[in-house]
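Below are my notes on the two-chain model you sent. They are set out as numbered points, with the cut-offs given where a term first comes up.

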Amino acid sequence: MSAFQSGMAILMLVMSLSLGAAVWRLLRGPSIPDRVVAFDLIIIHLVGLITMFVVTTGELVLLDTLIVISVLGFLGTVAIARLIEEGRS
Amino acid sequence: MTPLEILTLLITLVGVFFIVVSSIGLVRLPDLYTRVHAGGKSGTLGIIGVLLGAGIFFISDLRIVFKMLLLIAFFFITAPVAAHMLDRAAFLTGVKPMEDTTPNELAGRYDPETRQLS
């Protein structure tokens, strides 16, 4: 393992701990919008982790999954926001 | 390490720093609106850093660079839209801001039936 790969691995470790903090807010969040914010941030963590994994290992196929994951994250956030707003009463 | 790898590590480090700051803000801030602020702005800036780092690392393959720039543009457009929709839905369903919010200019100005600003 080269020095570059070691540095990337350390960054991915830090990112994983930060992902744990976001999951904590997802599980605890007092209201539903809190959980949706945490979901949005978890999607951002996922995209970042996959990007760093591709840079480290050179698995270029995984770059296409980034597009799908980011679109799914945006659509999920918008869908739940609409559900919260319209589905009251 | 080649200079390209050092540059990639530095830019990715900046991105990871902002994402970690965003995550800390999500855990520590007191109410929903400040948490959306942390997740929406700092998280977007961080993911732009990480994607830009990957784009610089694969600079010899222009297709990957273009894909990364496309993803950056996508996050730049969609993150504020999602954050604003979420904030609006939360305010309309009665999620209270923290006690110290002194100029709460939206309070009582939304018509609950039509959901328009009066």
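1. Val21(B) lies in helix H1 of chain B; helices here are DSSP runs (H or I, at least four residues; strands are E, at least two), numbered from the N terminus. Val21(B) is partly exposed, with 16 other C-beta atoms within 10 Å. The scale calls a residue buried if 20 or more other C-beta atoms lie within 10 Å of its own, exposed if 12 or fewer, and partly exposed in between, with C-beta atoms placed from the backbone. Val21(B) and Arg63(B) are 42 residues apart in sequence, and their C-alpha atoms are 31 Å apart in space.

2. On provenance, this is a predicted model, in which local features need pLDDT of at least 70 and side-chain atom pairs count only at pLDDT 80 or more, while totals for chains, interfaces and linings use all residues. Residues are numbered from 1 along each chain as its sequence is written, and chains are lettered from A and ligands numbered from 1 in the order in which they are written.

3. Chain B has three helices and zero strands, in the order α-α-α along the sequence. Its radius of gyration is 19 Å, well over the 13 Å that the globule rule gives for 118 residues, so chain B is more spread out than a compact globule. (The radius is taken over C-alpha atoms; the rule is 2.2 Å times the number of residues to the power 0.38.) Along the principal axes, the C-alpha atoms of chain B fill a box of roughly 60 × 30 × 20 Å. Of the 118 residues in chain B, 35% are buried.

4. Pro103(B) sits in the segment after helix H3 (62-92) of chain B. Pro103(B) is exposed, having 6 other C-beta atoms within 10 Å. From Pro103(B) to Phe66(B), 37 residues apart along the chain, the C-alpha separation is 44 Å.

5. The contact between the chains takes 38 residues from chain A and 41 residues from chain B, two residues being in contact if their C-beta atoms, placed from the backbone, lie within 7 Å. On the side of chain A that touches chain B, the largest share, 15 residues, comes from H2(A). By class, that side of chain A has 25 nonpolar, eight polar and five charged residues. (Ala, Val, Leu, Ile, Met, Phe, Trp, Tyr, Cys and Pro count as nonpolar, Asp, Glu, Lys and Arg as charged, and the others, Gly among them, as polar.)

6. The axes of H2(A) and H1(B) come within 11 Å and cross at roughly 160 degrees. Axes are lines fitted to C-alpha atoms, for helices over the stretch in contact, with angles running from 0 to 180 degrees between N-to-C directions. H2(A) is therefore roughly antiparallel to H1(B) (the term covers angles over 145 degrees). Residues of H2(A) that meet H1(B) include Leu41(A), Ile44(A) and Met52(A), and those they face in H1(B) include Gly15(B) and Ile19(B). The contact of H2(A) with H1(B) has eight nonpolar, seven polar and no charged residues.

7. H2(A) also packs on H3(B), at an angle of about 170 degrees and with the axes 10 Å apart. This pair is therefore roughly antiparallel as well. Pro33(A), Val36(A), Val37(A) and Asp40(A) in H2(A) meet Ala82(B), Leu86(B), Ala89(B) and Ala90(B) in H3(B). By class, the contact of H2(A) with H3(B) has seven nonpolar, no polar and one charged residues.

Key. Angles under 35 degrees count as roughly parallel, over 145 as roughly antiparallel, 65 to 115 as roughly perpendicular and the rest as oblique.
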